[in-house]
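The following note sets out, point by point, what may be read from the model under review. Please consult it alongside the sequence and coordinates.

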Amino acid sequence: MAKVFFMAGLTKIQSWDTTLLLFEYEYAVPLLPPVLAAYSGTFVELVFPVLLAIGLCGRASAIILFVFNAVAIIAYQEGLNEATLNIHLLWGVLFAVVAVFGPGKLSLDHLLRKKFC
């Protein structure tokens with residue numbers, strides 16, 4: 001999951017003008033102006049998947065990506081078909097599992113907690 005979201009963030013910064021146009025005309029992000037939505041969405045896709053993958057701030061990262069995924073479903077209704085919706089729902093469930101149970105024993109969170117607590 002982390003790779004998918006991180007690669008989407010890389011795609012956004014590779015063609016920033018296109019990203020701004022997509023947020024202006026294609027993605028209907030609720031409550032945010034398109035430029036702010038583009039910047040914040042790109043930030044989320046570049047930072048939190050990395051944190052999730054290494055297990056640092058794992059629960060918080062999973063919650064943020066869960067919300068981001070839900071907003072993506074809401075904002076891009078035109079691009080959703082049954083298969084796309086199902087994969088987003090799967091990602092949502094997987095993020096929720098990490099948010100509830102934590103990133104596990106192979107995470108930096110676990111290592112730091114074990115060392116300092």
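How far apart are the mean positions of the positive and negative charges of the protein chain?

1. The model is predicted, and the separation asked about is computed from it. The protein chain carries 7 positive and 7 negative charges, and their mean positions are 27 Å apart. For scale, the C-alpha trace of the protein chain spans about 50 × 30 × 25 Å along its principal axes.

2. Secondary structure. The protein chain contains six helices and zero strands. Taken in sequence order, the elements give the pattern α-α-α-α-α-α.

3. Burial, surface and contacts. The protein chain has 117 residues, of which 29% count as buried. Its accessible surface amounts to about 7,500 Å², and carbon and sulfur atoms account for 71% of that area. When contacts between residues at least 6 apart in sequence are considered, 65% of them join residues at least 24 apart.

4. Nonpolar core. The largest nonpolar core consists of twelve residues: Phe5, Val44, Phe48, Leu51, Leu52, Ala62, Leu65, Phe68, Trp91, Phe95, Val98 and Ala99. Helices α3 (34–54), α4 (58–75) and α5 each contribute at least two residues to this core. Ala62 is one of the core residues. With residues up to four places away in sequence set aside, Ala62 touches Leu52, Phe95, Val98 and Ala99.

5. Thr42. This residue belongs to helix α3. Is Thr42 buried or exposed? Thr42 counts as buried because its relative accessibility is 5%, below the 20% cut-off. The side chain of Thr42 reaches the backbone oxygen of Ala38 at a distance of 2.7 Å. Beyond neighbours within four places in sequence, Thr42 is in contact with Gly9, Lys12, Ile13, Trp16 and Thr19.

6. Ser107. The loop between α5 (82–101) and α6 (108–116) holds Ser107. With a relative accessible area of 5%, Ser107 is buried. A polar atom of the Ser107 side chain lies 2.7 Å from the backbone oxygen of Gly104. Which residues does Ser107 contact, leaving aside neighbours within four places in sequence? These contacts are with Ile54 and Gly55.

7. Loop residues with positive phi. Leu31 is located in the loop between α2 (16–25) and α3, and its phi is near 75 degrees, a positive value in a residue other than glycine. Leu31 has 86% relative accessibility and therefore counts as exposed, the cut-off for that class being over 50%. Cys57 is located in the loop between α3 and α4, and the phi of Cys57 is near 55 degrees, again positive in a residue other than glycine. Cys57 is partly exposed, at a relative accessible area of 43%. As background to both entries, most residues other than glycine have a negative phi.

8. Leu112. Helix α6 includes Leu112. At 38% relative accessibility, Leu112 counts as partly exposed. Leu112 is in contact with Leu56 and Cys117, neighbours within four places in sequence being left aside.

9. The relative accessible area of Asn86 is 42%, so Asn86 is partly exposed. Leu94 is likewise partly exposed, with a value of 36%. Both figures fall between the 20% and 50% cut-offs. Asn86 is 55 residues from Leu31 in sequence and 25 Å from Leu31 in space, C-alpha to C-alpha. Leu94 and Ala8 are 86 residues apart along the chain, and their C-alpha atoms are separated by 18 Å.

Conventions. Residues numbered from 1 in each chain as written. Predicted model: local features only at pLDDT ≥ 70, side-chain atom pairs only at ≥ 80, totals over all residues. Heavy atoms only, no water. Helix = DSSP H or I, 4+ residues; strand = E, 2+ residues; numbered from the N terminus. Buried < 20%, exposed > 50% of the residue type's maximum accessible area, 1.4 Å probe, protein only. Contact = heavy atoms within 4.5 Å. Areas by Shrake-Rupley, 256 points an atom, 1.4 Å probe, with all protein chains shown as cover. Lys, Arg positive; Asp, Glu negative; His and termini not counted. Charge placed at Lys NZ, Arg CZ, Asp CG, Glu CD. Polar contact = N/O pair within 3.5 Å; in protein donor to acceptor, adjacent residues only side chain to side chain. Core = buried A, V, L, I, M, F, W, Y, C linked by side-chain atoms within 4.5 Å.
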